[in-house]
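Biologist: Could you walk me through this one? I have not looked at it before, and I would like to go piece by piece.

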Amino acid sequence: YYYSKYIYLKKYNYFLTNRIVTKSDIKILKSIKPTLDNTIINNRLNKQSEGTAEFLLLEVNKNPVGFVLLKWDGKPTHPEYPDIEDLYIKEGFRRKGFGTLMIKECEQRAKNRGCMKIGLAVNQKNNARAKIFYERLGYKHDGQATYVDGVYEGSDDWVIDLEKNLK
């Protein structure tokens, strides 16, 4: 079940590996985002083993720099298409195109499965830069109202759903 994709970016002299996360990667994930909870990691690995998600890890020159969860069964507001969740790029590696690569990888995997659409949620108030980033990649608000996606560090996470047609 191990999938790896290697990309060489001449512009930056980077050698990228985009691969599926395994149980042996827990320390690596924590090195990217120290606050990532083991329960969340294990939940994602379980979804992956059930075939309902793919937990992807990005390495640059063999250094782990980011991850994302691609959920094949969507989310409660849009179970009809895959959902991208928790795209995270390590400090120091942001704004270099790695987030775009991770999103494009998720989109390509969805296309390979015959999906016509893909989505994600974003807190447009607390994460306005991310919303602009997703919109630049072609994601559009689905027109529905904001909703609480979860509670993080004691605060409600009010999000909107963005979606993109895959052609």
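Biologist: Is strand 5 mostly covered or open?
Modeller: In this predicted model, strand 5 is mostly covered, since 5 of its 7 residues are buried.

Biologist: Which strands does strand 5 pair with?
Modeller: Strand 5 pairs with strand 4 in the antiparallel sense over 5 bridges, and with strand 6 in the parallel sense over 2 bridges.

Biologist: What does Asp 83 form with Lys 71?
Modeller: Asp 83 forms a salt bridge with Lys 71, and the closest N and O atoms are 3.9 Å apart. Asp 83 lies in strand 5 and Lys 71 in strand 4, so the pair ties together parts that are 12 residues apart in sequence.

Biologist: And why does Asp 83 count as buried?
Modeller: Asp 83 counts as buried because its relative accessible area is 4%, which is under the 20% cut-off. Lys 71 is buried as well, with a relative accessible area of 9%.

Biologist: How many salt bridges are there in the whole structure?
Modeller: A search of the whole structure finds 16 salt bridges. One of them joins Glu 59 and Arg 19, whose closest N and O atoms are 3.4 Å apart, and this pair links strand 3 with strand 2, the two residues being 40 residues apart. Another joins Glu 107 to Lys 164, with the closest N and O atoms 3.2 Å apart; here Glu 107 is in helix 3 and Lys 164 in strand 9, 57 residues apart.

Biologist: Changing topic, what is the volume of the largest pocket?
Modeller: The largest pocket has a volume of about 1,900 Å³. It is lined by 49 residues, and those closest to its centre are Asp 86, Leu 87, Tyr 88, Asn 127 and Tyr 134.

Biologist: Which element gives the most to that lining?
Modeller: That is strand 5, which gives 7 residues to the lining of the largest pocket. Other elements supply at least two residues each, including helix 2, helix 4 and strand 9.

Biologist: Why is Trp 158 called partly exposed?
Modeller: Trp 158 counts as partly exposed because its relative accessibility is 44%, and that class runs between the 20% and 50% cut-offs.

Notes:
Residues numbered from 1 in each chain as written. Predicted model: local features only at pLDDT ≥ 70, side-chain atom pairs only at ≥ 80, totals over all residues. Heavy atoms only, no water. Buried < 20%, exposed > 50% of the residue type's maximum accessible area, 1.4 Å probe, protein only. 1 Å grid on protein atoms, 1.4 Å probe; cavity = no way out; pocket = protein on both sides within 12 Å on 5 of 7 lines; lining within 4 Å. Points joined across faces, edges and corners; volume = space filled by probe spheres on them. Helix = DSSP H or I, 4+ residues; strand = E, 2+ residues; numbered from the N terminus. Pairing = 2+ DSSP bridges. Salt bridge = Lys/Arg side-chain N within 4 Å of Asp/Glu carboxyl O.
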